[in-house]
Amino acid sequence: MASFSFGSGNAAKLLRIPLYLAGRAGTLVIPRGTRWVFGCGAGVGDGALALQRLVAAEGHDTVWLTSSEREDSDAAALGIRTTRKNSLRGWWATARAGVVVVTHGLGDVNRYAVSGAFVVQLWHGIPLKRIGLDSPATTQVPDIPGAPVLRRLIGILYRRAAQRIRVLPAASHRSRGRLESAFALGDGRVVVTGEPRVDVLSSGDPIECRAKASDVLDRALGGLPTGSRIILYAPTWRDGADDPAVPTAAQWVQIIRVLEESDAVLLVRSHPLGEGGYAPPLPSRRVRMLGSGVLSDVTPVLPAVDVLVTDYSSLAYDVGLLRMPVLFLAPDAEDYARTRGFYGRFQDVAGEDAPTSWDALLPQLSALLDDDDVFAAQSERSGTLSAEMHAFRDGGNTRRVYEKIRARGIPAPKGAA
């Protein structure tokens, strides 16, 4: 079920204004040090983890700010020191940090202690749907008296928060323009370096990467049928609204039939902010749930996936680094374009014949799985789409981001030559 919306989040933000002011006062008198603090709205992973591993290897002092026991455990398994972000220690760690690294927003760390820090916003995907100030959804508030004034206030707060960003990596020049607009950033703060989070998709031997990803996926799900092809279904978040693509009971029967005929497994990756009711009416080992509670970061296991099905997820750009075929299932594309908006035309990414229902998608999926020529053609199209949006595919994005940060005045770790 839907669990979060911009409206509810913005209402909470307005109520927290006194805390922001108090935190701002505290950071004015507390000197910042050289420590790097990291946070990620999706758990211990994404680009923040890639950058943390490099920064720690370079000798910098780092700490990860967590929000749950699961994150504490995940970080401990990687040997990463942690502090709860919403504790007094978390506030102090953020207030004393020289560099603050986030992937979603300033709430990835202690939001009340960010003022004055060198903020690195890694973001979490190439924008296909409009984000930030480019989307009317960003400044939504509950429908109450004075709502227009509150929306303007939220817009002001969002712009002020965005102005704290010193470095925001972009995958390409096309992506850079979208991010500059969404965050109202200029002065060269959006830099074309490639995104650290996808280095895992463009480095190492492909066979070894697939074997490693398959092992992680198999352990996370408690075993998968040997030799079966893997289909990942990743619908995006709809700002608190229900997902219109949840299959009916009859559609589930047809989905499972196609999976059995083609010896495939469907992994359902609902968005962590609004997981849909995707359990089939009858249990089947051909359908598995792969939500964030099962696997916090899906990117490292993408080499084990054979086909992506999505609507508006930025994964559609990423899997092209692996030349993975993509099918689009978008039952509400026209409405989504009106309420949220896209960068460019959705049809330019998904094609003119993107299915609007599972009934229309399943024949395309069957053809893709059963016809090598169809699979090859879709793989080629996926690679072309990705090449338009990813300027680098050498596994060096994280290093380029680190060097950009260092070049903007961040000192070397103590003892470095």
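This is a predicted model: local features need pLDDT of at least 70, side-chain atom pairs count only at pLDDT 80 or more; totals for chains, interfaces and linings use all residues.
A cavity is a set of grid points where a 1.4 Å probe fits but cannot get out. Searching the whole structure turns up three cavities of 30 Å³ or more. The largest cavity has a volume of about 50 Å³, and its lining is made of V326, F328, Q378, R381, S382 and L385. Two elements, β12 (326–328) and α14, each contribute at least two residues to this lining. Helix α14 gives the largest share, with four residues.

Open spaces come next. The second largest pocket has a volume of about 800 Å³. It is lined by 26 residues, and those closest to its centre are L49, V200, K212, D297 and P300. Helices α3 (46–57), α4 (69–77) and α8 (206–221) each supply at least two of the lining residues. Of the elements that take part, α8 provides the largest share, namely five residues. Sorted by type, the lining of the second largest pocket consists of 14 nonpolar, three polar and nine charged residues.

Is H390 buried or exposed? H390 is buried, because its relative accessible area is 4%, under the cut-off of 20%. Leaving aside residues up to four places away in sequence, H390 is in contact with I126, A171, S172, E195, V198, Y317, D318 and L321.

A disulfide is a covalent bond between the sulfur atoms of two cysteines. How many disulfides does the model contain? The count comes to zero, where a pair would need its sulfur atoms within 2.5 Å. C209, by contrast, is partly exposed, with a relative accessible area of 22%.

Finally, the backbone holds two points of interest. Most residues other than glycine have a negative phi. Against this background, A184 has a positive phi near 55 degrees. This alanine, A184, is placed in the loop between α7 (173–183) and β7 (190–192). With a relative accessible area of 28%, A184 is partly exposed. D263 also has a positive phi, here near 50 degrees, and lies in the loop that runs between α9 (249–261) and β9 (264–268). D263 counts as partly exposed because its relative accessibility is 33%, a value that falls between the limits of 20% and 50%.

Technical notes
Residues are numbered from 1 along each chain as its sequence is written. Side-chain values use heavy atoms; hydrogens and water are left out. Buried means under 20% relative accessible area, exposed over 50%, partly exposed in between (1.4 Å probe, protein chains only). Contact means heavy atoms within 4.5 Å. On a 1 Å grid over the protein atoms alone, a cavity is a set of points where a 1.4 Å probe fits but cannot get out, and a pocket is an open set with protein on both sides within 12 Å along at least five of seven lines; lining residues have an atom within 4 Å of a point. Grid points are joined across faces, edges and corners, and a volume is the space filled by probe spheres set on the points. Ala, Val, Leu, Ile, Met, Phe, Trp, Tyr, Cys and Pro count as nonpolar, Asp, Glu, Lys and Arg as charged, and the others, Gly among them, as polar.
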